[in-house]
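Dear colleague,

I am passing on the structure below, and after it you will find notes on a few of its local features. Please read them alongside the model itself.

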Amino acid sequence: MNIKQGIRKIAKRIYILSPVPYKMKKRMSYFVKRNFFREYSGEGIIDIYSNSYKSSILNENAKKVSVVIPNYNYAEYIVERIDSVLLQTYPIHELIIIDDCSRDNSVEVIEDHLKKLGSPQNIKFIINEKNSGNVFAQWQYGFKHASGDYVWIAEADDSCHPRFLESVMEGFHDEDVVISYCESLTMNEHNQVLMKDLRPWIDIYKTGKWDKSYILDGAEEITSTMCINNTIANASSAVFKNGDYQEILEVSKGYRLAGDWYAYMRILEFGKVAYLDESLNYHRMQEKSVTLSINKELEFAEICRVQDYALNNYTLKEEVKQRVLERRERERLRFGL
């Protein structure tokens with residue numbers, strides 16, 4: 001261990017054990033967060049079990065967060081997903097795991113793991129008798145039955161930093177925020193880091209908007225950038241203020257690829273969005289992805305469909321309209337249509 005590493009280790013320990021009130025701790029520099037709370041081990045390998053973190057949030061001060069894990073054939077990753085939720089430094093009000101009639105041994109793996117955990121009372125395991133055929137049906141169930149004031153849809157094959165929830169929930173200090181999300185890194189099936197952030201995916205015009213954290217009115221978010229492309233690259237990175245989104249999600253069920261984009265846009269009509277520029281969410285990119293098998297014509301049609309919703313329901317600046325159409329043309333050429 002060199003001197004620099006030693007200093008970082010000591011500083012990290014001081015930060016964790018410091019009796020300084022949380023409101024003061026959260027004002028500590030971005031540099032501290034960026035450098036002392038790494039989750040990487042070895043050559044860019046994510047290991048959520050490599051460090052332990054102490055919470056600075058008391059249960060009575062925490063907002064009630066319901067976590068929903070919709071699972072379908074993710075037996076290989078579901079234990080890490082469950083543990084990544086339970087290892088959060090922010091108290092979890094309840095965890096709802098929904099298995100959508102998996103064809104692998106997911107149910108057995110989940111049941112065995114819950115037994116090892118002592119079958120906590122705040123964990124509900126729902127096993128569908130019939131496959132719903134659509135992840136947004138699981139979202140609907142989650143929002144309908146969640147008793148918390150906030151809902152985190154934690155996709156079964158993803159993972160996260162232990163301080164994900166504690167950090168993202170800070171966005172809700174503004175009571176008008178309805179979606180709070182953070183930057184995501186991408187890893188493969190073996191937890192090897194592929195991309196340290198997803199800004200190349202979302203900031204397609206290199207505006208630099210997502211280089212710094214921000215809170216913005218939902219309508220402004222839609223009319224400035226979300227009308228162009230889906231700027232919340234991974235559902236697991238977002239926490240929602242609970243609400244009646246059943247009709248919105250019913251429409252989302254009519255999409256194969258862009259249902260989440262449509263849902264974010266519609267939910268943002270209810271309030272503000274908060275973005276945190278740290279990659280505390282770990283998005284898993286698999287070689288065999290659902291999106292790879294989708295028909296090009298269908299994917300292009302869905303992009304146009306969501307864009308058309310924004311064009312028809314909002315007044316966009318002329319330069320933004322041009323970017324909407326430019327992105328549409330870019331995708332049309334990419335698909336060879």
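Aspartate 211 is placed in the loop between α8 (199-202) and β10 (214-217), where helices (H or I, at least four residues) and strands (E, at least two) are DSSP runs numbered from the N terminus. This is a predicted model, in which local features need pLDDT of at least 70 and side-chain atom pairs count only at pLDDT 80 or more, while totals for chains, interfaces and linings use all residues. Residues are numbered from 1 along each chain as its sequence is written, and side-chain values use heavy atoms, with hydrogens and water left out.

With a relative accessible area of 45%, aspartate 211 is partly exposed (buried means under 20% relative accessible area, exposed over 50%, and partly exposed in between, with a 1.4 Å probe and protein chains only). Not counting residues up to four places away in sequence, aspartate 211 touches Arg199 and Asp277, contact meaning heavy atoms within 4.5 Å. Aspartate 211 and arginine 199 are 12 residues apart in sequence, and their C-alpha atoms are 8.1 Å apart in space.

Two residues deserve a look for their backbone. Most residues other than glycine have a negative phi. Cysteine 101, although not a glycine, has a positive phi of about 60°; cysteine 101 lies in the loop between β4 (94-99) and α5 (106-116) and, at 30% relative accessibility, counts as partly exposed. Asparagine 191, also not a glycine, has a positive phi of about 65°; asparagine 191 lies in the loop between β8 and β9 (193-195) and counts as buried at 10% relative accessibility.

Turning to helix packing, α11 (residues 259-267) and α12 (residues 296-313) pack at an angle of about 10°, with their axes 10 Å apart (axes are lines fitted to C-alpha atoms, for helices over the stretch in contact, and angles run from 0 to 180 degrees between N-to-C directions). The two helices α11 and α12 are therefore roughly parallel to each other, a term for angles under 35 degrees. The contact is made by Trp261, Tyr262, Met265 and Arg266 of α11 together with Ile303, Val306, Gln307, Tyr309 and Ala310 of α12.

The largest cavity has a volume of about 40 Å³, a volume being the space filled by probe spheres set on the points, which are joined across faces, edges and corners. Strand β8 (residues 177-187) gives the most to its lining, with four residues, lining residues having an atom within 4 Å of a point.

With best regards

Methods:
Parallel < 35°, antiparallel > 145°, perpendicular 65-115°, else oblique. 1 Å grid on protein atoms, 1.4 Å probe; cavity = no way out; pocket = protein on both sides within 12 Å on 5 of 7 lines; lining within 4 Å.
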